Amino acid sequence: MSMASARTKVLIVVVALAAVALIVPHTGSFVILLATRALAFSILVMSLDLLLGFTGLASLGQAAYLGVGAYLTAILAARYHIGLGYDFWLVVVLGMLGAALLAALFGLLAVRASGVYFLMITLALGQCVWGLAYRWNSLTGGDNGINIEHRPQFGVNLADPVTFFYVVFGFFIVALAILYTLVRSPFGRSLAGIRERELRMKILGYNTWLHKYLAFIIAGAFGGLSGVLWAHTAGIVSPENVVLTTSVDALLMAVLGGPGTLIGGAIGAGVVLFIREYLSTLVHWWQYVLGGVYVLVILYLPDGLMSIPQRIRQWRTARTKSPDTPKMAAAA
Amino acid sequence: VDARFWLIQAFNGISYGALLFLVGSGLSLIFGVMRIVNLSHGSYFLLGGYVALSVIWSTGSWLLSIPVAAITVAIIGLLMERIFLRPLGGEPLRQVLLTVGFAFLFQQAALDIWSGNPFDINPPAVLTQSIVVGGLHLPLYRIFMIAVAVFIGLALWLIMEKTRLGATVRATVDDAQMARGVGIDTSRIAMLIFSLGAFLAALGGVIGGAFLGVYPGLDFEMLPIAFAVVIIGGMGSLGGAAIGALLVGLADNFGKALFPEISYFTLYAPMALILAVKPTGLFGRE
């Protein structure tokens with residue numbers, strides 16, 4: 001990819017995001033809520049993409065970090081009334097730190113593994129967190145979860161859907177910018193090198209374990225951020241947020257949008273939530289649309305929806321040259 | 001009273017382990033042969049229960065529902081392997097993602113066909129009684145579950161160890177490339193094992209339906225437990241799956257009885273630790 005085309009892509013993303021920021025507040029309350037949820041969850045999907053698309057590690061336990069951020073937010077708010085004023089920012093920091101700490105612990109076990117084994121370890125670790133959330137009634141409220149009475153108020157009132165949308169949008173932009181800078185840094189390039197051929201990177205003298213471990217912790221921290229925002233978006237935190245299907249959702253959204261693109265995760269989250277929340281009000285067979293889209297994308301678009309423009313270009317040039325099939329970015 | 005508590009819990013744990021063996025053995029064999037983790041395995045379990053319910057509703061026969069459900073789901077598994085997984089051969093990650101996609105599709109289809117209501121599979125009255133052994137009331141149904149698992153386990157063991165087909169499967173588990181080299185059709189083996197795994201999971205779904213129930217979400221509840229069985233026992237090993245199933249069954253029962261607040265943690269934390277230390281599981285082959 002040439003620099004010019006990379007710059008064009010960034011420009012397209014900026015314009016698209018600006019359009020989202022301008023148009024969404026003028027739509028109905030339902031679309032605003034939907035967009036807010038998609039943006040909050042997108043941060044989790046992008047954090048997963050750092051592992052899946054840029055490091056080649058498919059995690060099936062990413063909901064655990066969303067859970068840490070969300071439960072921390074809910075417990076602090078419901079029990080101690082912390083995080084409902086200016087101290088919301090403190091909770092953001094604590095949520096990210098808490099999730100990063102958990103990732104630092106889990107990473108010690110998980111990062112040694114790769115491929116399918118990594119997937120299974122992260123699944124097991126995610127289930128540990130789910131088990132605690134589900135059963136540790138005195139801390140987590142068990143199956144009922146914890147309600148957050150109202151959203152924070154600090155100069156601005158986050159109870160207002162549009163204000164809250166802008167705040168979540170702001171966090172999304174910051175997360176996207178940080179992750180984008182990260183994957184284009186020398187550190188990010190080394191991660192891509194590990195994804196492509198770990199042994200070669202080892203021979204070149206890179207500490208591949210440390211690179212993967214740091215990526216795992218950073219992904220955890222952003223998962224925690226996503227959790228803090230998700231807790232306030234939903235107003236309730238329950239084991240549903242850390243159950244295996246939430247991790248599966250995040251993984252499928254990343255794959256759907258296009259692994260290794262970051263912004264693809266947001267597109268995946270948007271498409272899935274749109275089908276699940278909006279199409280479901282129109283037709284009863286929406287479930288098959290969602291499942292069908294997943295299966296078709298995995299089969300025929302291994303680089304996700306983001307690769308459609310590239311596919312079209314390839315199809316056009318196919319008349320003159322024989323087409324070369326793109327390799328999946330996340331091939332283990 | 002104390003000894004009775006331990007005996008009853010141990011019995012419950014073993015009978016639950018029997019059910020887990022049905023689910024775990026298939027998952028383990030699929031991993032051994034195809035090197036993929038089948039994330040639709042929980043769905044096969046759930047679909048087994050639902051198909052059995054449909055058979056019971058239309059014919060009234062519980063006995064008939066068992067083979068019909070198992071064979072139907074085995075055919076679904078066979079088609080899935082042939083049409084969707086096979087073309088992605090050699091790309092394990094995409095295959096695994098595809099099984100997640102299908103798990104999702106099955107979940108939604110089940111919701112659409114059988115509604116979101118929870119159901120129970122009622123076994124014949126004979127099996128709902130209990131027998132008294134040494135002052136302990138043992139439900140006959142749980143004894144039946146153990147009997148089924150032992151029967152299936154023995155049958156699988158005989159096929160794997162004593163027949164030519166079993167030998168080719170073992171060869172594929174040990175070294176698929178070499179197996180192809182000596183003329184074993186590993187693609188056919190993969191097809192057989194995948195549908196056998198679906199068969200066993202569905203069988204578990206029908207039998208487990210009497211005491212777990214059949215309800216939306218059971219698929220993704222069963223999946224991680226089946227994983228725990230396979231990981232603790234070792235992937236691709238039948239004996240390992242049996243030991244793993246027993247351990248998980250017992251750990252689950254005693255965990256829930258003794259430390260209810262952290263019971264799932266006591267199940268999954270050892271699983272993560274075992275995976276980290278020995279990725280192929282306790283009894284898995286390298």
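What percentage of the contacts in chain A with a separation of 6 or more is accounted for by residues 24 or more positions apart?

A: The figure is 78%, where a contact means heavy atoms within 4.5 Å. This is a predicted model, in which local features need pLDDT of at least 70 and side-chain atom pairs count only at pLDDT 80 or more, while totals for chains, interfaces and linings use all residues; side-chain values use heavy atoms, without hydrogens or water. Residues are numbered from 1 along each chain as its sequence is written, and chains are lettered from A and ligands numbered from 1 in the order in which they are written.

Chain A contains 14 helices and four strands; these are DSSP runs numbered from the N terminus, with at least four residues (H or I) for a helix and at least two (E) for a strand. Its radius of gyration is 20 Å, which agrees with the value near 20 Å for a compact globule of 332 residues. That radius is taken over C-alpha atoms, and the globule rule is 2.2 Å times the number of residues to the power 0.38. Along the principal axes, the C-alpha atoms of chain A fill a box of roughly 65 × 45 × 40 Å.

Of the 332 residues in chain A, 55% are buried (buried is under 20% relative accessible area, exposed is over 50%, partly exposed is in between, with a 1.4 Å probe and protein chains only). The accessible surface of chain A is about 14400 Å², and carbon and sulfur atoms hold 67% of it (Shrake-Rupley method, 1.4 Å probe; for residues, only the protein chains shown count as cover). Chain A carries 21 positive and 12 negative side chains, with the centres of the two sets 14 Å apart. Lys and Arg count as positive and Asp and Glu as negative, leaving out His and the chain ends; each charge is placed at NZ of Lys, CZ of Arg, CG of Asp or CD of Glu.

In soluble globular proteins, nonpolar side chains tend to be buried together. Here the largest nonpolar core has 206 residues. Such a core is a set of buried Ala, Val, Leu, Ile, Met, Phe, Trp, Tyr and Cys residues joined through side-chain atoms within 4.5 Å. Those with the most contacts inside this core are Met120(A), Phe172(A), Phe216(A), Phe227(B) and Tyr268(B). Helix H2 (residues 29-55) of chain A gives the most to this core, with 14 residues. Leaving aside residues up to four places away in sequence, Phe172(A) touches Leu17(A), Leu39(A), Ser42(A), Ile43(A), Met46(A), Ile263(A) and Ala266(A).

One loop of chain A deserves a separate note. Leu262(A) sits between helix H11 (244-257) and helix H12 (263-282) of chain A. Leu262(A) is not a glycine, yet has a positive phi of about 60 degrees. Leu262(A) is buried, at 2% relative accessible area.

Chain B can be set beside this. Chain B has eleven helices and two strands. For its 286 residues a compact globule would have a radius of gyration near 19 Å, and the 19 Å of chain B agrees. Buried residues make up 56% of chain B. Among contacts in chain B between residues at least 6 apart in sequence, 77% join residues at least 24 apart. Chain B also has a residue with a positive phi: Ser115(B), near 60 degrees, in the loop between helix H4 (92-114) and strand E1 (130-133) of chain B. Ser115(B) is partly exposed, at 27% relative accessibility.
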